[in-house]
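Please find below a short note for a colleague who has the coordinates to hand.

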Amino acid sequence: MTDNKREKHCASSFLLNQSEDFDMNEDQRNEIRDTGELDLGGIHVMTVIGEIEGHQLSPQNSKTTKYEHMIPALAKAEYSDDIKGILILLNTVGGDVECGLALAEMIASLSKPTVTLVLGGSHSIGVPLAVSSDYSFIVKSATMMIHPVRSSGTFIGELQSYRNIEKIQDRITRFISDHSDIAEDKVEELMLHIGEQVKDAGTVLEGEQAVELGLINEIGGMSEAFAKLKELIQNTSEN
């Protein structure tokens, strides 16, 4: 199986497993298997699974979501008159920081109503993706990790290198705060603290904690996410 087919299979299997309660015909099921996406009555369903692959290729045994695949899919959803709203299902460990943030910015800029649902986890750069929608849900058992920006590979030990990483971290912190109900200083605290000890590991939040802190809007699953998206679509059509 090629890398591209493997990635599509991982995403499509996840969406099929999460959609067992929906009455789908064979053509719809084939669409999920082929693209990892699905159109249901004007709602476009997308998945962000595994590692967000950006400027560099991930190892062959990694489950990935390629940002260059999501960008045209989001553009198509925005342009299409048949698509009224977008549901994004997330179960990601994070990945390429700039590419993940670019996707989050693109989702936030869509004119169509958007809802995100965190299933399993949405860690690292997956946090901005989770809060980029008009409304966000997380299941109780899911987790979200907020931690400082990390660099892999060759690193130049100069003050300018640190400042560049610091600027990237500030962009992420600002985006999370701007698109949720959590203050920037609280995001920074979560990035650097576990309990009362300052560590690089960041903070892991369970579903209810993420809602209590204002990071995510509400605890809920597939039915709640679809219901909210239909409500947003209805409100948009009335206006």
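The points below concern a predicted model.

1. Length of α3. Helix α3 covers residues 67-79, which is 13 residues.

2. Buried side of α3. Which residues of α3 are buried? They are Y67, M70, A73, L74 and A77. Viewed down the axis of α3, these buried residues fall within an arc of 120°, and they therefore line one face of the helix.

3. Opposite side of α3. The face turned away from the buried side of α3 carries K76 and Y79, both of them exposed.

4. Cover over α3. The buried residues of α3 are covered by elements that include the strands β2 (43-53), β3 (64-66) and β4 (85-95). Helix α4 (97-108) is also among the elements that cover them.

5. Aromatic pair. The count of aromatic pairs comes to one. Y135 and F137 form this pair, with 5.2 Å from centre to centre and 55° between the planes, and the arrangement is tilted.

6. Burial of the pair. Are Y135 and F137 buried or exposed? Y135 has a relative accessibility of 18% and therefore counts as buried, the cut-off being under 20%. F137 is buried as well, with a relative accessible area of 1%.

7. Charge over Y135. Apart from its pairing with F137, the ring of Y135 has K228 over its face, at 4.4 Å from the ring centre.

Technical notes. Residues numbered from 1 in each chain as written. Predicted model: local features only at pLDDT ≥ 70, side-chain atom pairs only at ≥ 80, totals over all residues. Heavy atoms only, no water. Phe/Tyr/Trp six-rings, centres within 6.5 Å; stacked < 30°, edge-to-face > 60°. Buried < 20%, exposed > 50% of the residue type's maximum accessible area, 1.4 Å probe, protein only. Lys NZ or Arg CZ within 6 Å of the ring centre and 35° of its normal. Helix = DSSP H or I, 4+ residues; strand = E, 2+ residues; numbered from the N terminus. Expected span 1.5 Å × (residues − 1). Arc of directions from axis to C-beta. Contact = heavy atoms within 4.5 Å.
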